[in-house]
Amino acid sequence: MTVSRRNFLRGAAAGCTAATAAVVAPAPAEARGNKELPPEAVGLLFDATMCVGCKACVVACKEANGLPIQVPMERAYEDPSQALSPTSFNIIKMYKEGEAKTKDVEQDGFSFIKRSCMHCVDPGCVSACPVQAMTKDAKTGVVSYNADACIGCRYCVMACPFGIPKFDYDKAVPEIHKCQLCNHLWKEGRFSACADVCPTGATIFGPVPKLLAEAKRRQAMTPGEVAKFPRRSTETGDQTKEKPAAKYVDHIYGEKEGGGTQMLMLSGVPFDKLGLPKLPERSYASMSETVQHTLYDGLVAPAVVLGGLLAATYRSSRKKGGSEEDSHE
Ligand code: SF4
Ligand code: SF4
Ligand code: SF4
């Protein structure tokens, strides 16, 4: 749900009154813990040991989201998108060490790693956004962006520990861009294009508890043990051919990092070597909201009023005519 300018300012005024009362009689601030996984949370499992670096998922992501491919279509798999950007929501990066001879080995080895939005359980981007332009779906947990509500402050960019949201610095009316788990495809009975297209089962889509169970199953297997693995989605019944289980590091990335994420990862190479940050189990959002409420109880209202005024000014500059504010009600 977005907030109209009128309602925003109305809310800001109400907040001002409440916070003024708080200054007169401050209430004790309470620390909040991490948020819980939503009841129908969906996400992705990426298994680096199954990834062959074909980048079919990179191309499929662009097609599914109407993003330009920077080389002719017949050479699309050579698209050199090596960094997330406003036109690249999903990239496959390569780790190489020494002679880079053996796959999924840290020394003298190599590995691939997928980078896209982690759909955090308690997202910093959502917590930092002053106007609810970045929201987390209460049922599925997908973190989405609403350009109409955005005031261009880029707090979400600064608050994301994974460096995911990208801002159109070169556009007259800039927006934020990132993966939204292809939730626009769901009404067609489709799901994340990156998982749908992955030929090896390295990326699969599904309910987070099932993805976590599958990740734990793989980690419990003896390396070399032959088995089939889900492909595309835990819900479609697709499976790979029988193949040997890999040797993993003893870590499911995303199970606990930063309060947990709805994208989980397995790898044979330690995750910090693959460029993923080491994060505490407590979410940054819970820490910052606790500090904010503890130290700045009395300053909330001025901040909200300022945010409201910025929103009003920014939206006026975007508006080509008519009453845009009421269209969000
Ligand atoms: S499509 Fe699958 S195997 Fe190919 S690069 Fe993407 S994740 Fe790796
Ligand atoms: S990875 Fe970053 S952009 Fe994605 S939900 Fe988490 S904080 Fe938000
Ligand atoms: S879920 Fe969709 S938008 Fe997100 S990385 Fe995969 S293909 Fe791209």
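In the predicted model described here, the shell around ligand 1 comprises ten nonpolar, three polar and one charged residues, where Ala, Val, Leu, Ile, Met, Phe, Trp, Tyr, Cys and Pro count as nonpolar, Asp, Glu, Lys and Arg as charged, and the others, Gly among them, as polar. Ligand 1 is surrounded by 14 residues, the closest being Cys51, Cys54, Lys55, Cys57 and Cys198; a residue is taken as near a molecule or strand if one of its heavy atoms lies within 4 Å of it. Because the model is predicted, local features need pLDDT of at least 70 and side-chain atom pairs count only at pLDDT 80 or more, whereas totals for chains, interfaces and linings use all residues. Residues are numbered from 1 along each chain as its sequence is written, chains are lettered from A and ligands numbered from 1 in the order in which they are written, and side-chain values use heavy atoms, with hydrogens and water left out.

Around ligand 2 there are likewise 14 residues, of which Cys117, Met118, Cys120, Cys125 and Cys160 come nearest, and this shell divides into eleven nonpolar, two polar and one charged residues. The surroundings of ligand 3 consist of Cys61, Asn65, Asn90, Lys114, Ser116, Cys179, Leu181, Cys182, Ser192, Ala193 and Cys194, by class six nonpolar, four polar and one charged.

An open sheet of three strands, in the order S9-S1-S12, shows mixed pairing; strands are DSSP runs (E, at least two residues), as are helices (H or I, at least four residues), both numbered from the N terminus, and two strands pair if DSSP finds at least two bridges between them. Strand S9 (203–207) and strand S12 (263–266) each have a single partner strand and stand at the edges, so one side of each lacks a neighbour in the sheet. Strand S1 (residues 42–47) pairs with S12 in the parallel sense over four bridges, and leucine 44 stands opposite methionine 263 in S12. Helix H6 (residues 208–220) packs on this sheet, touching S1, S9 and S12, and its direction makes about 130 degrees with that of S9; contact here means heavy atoms within 4.5 Å, while axes are lines fitted to C-alpha atoms, for helices over the stretch in contact, with angles running from 0 to 180 degrees between N-to-C directions.

A further open sheet is formed by three strands in the order S2-S4-S3, again with mixed pairing. Two bridges join S3 to strand S4 (residues 109–115), and these strands run parallel, with lysine 103 opposite phenylalanine 110 in S4.
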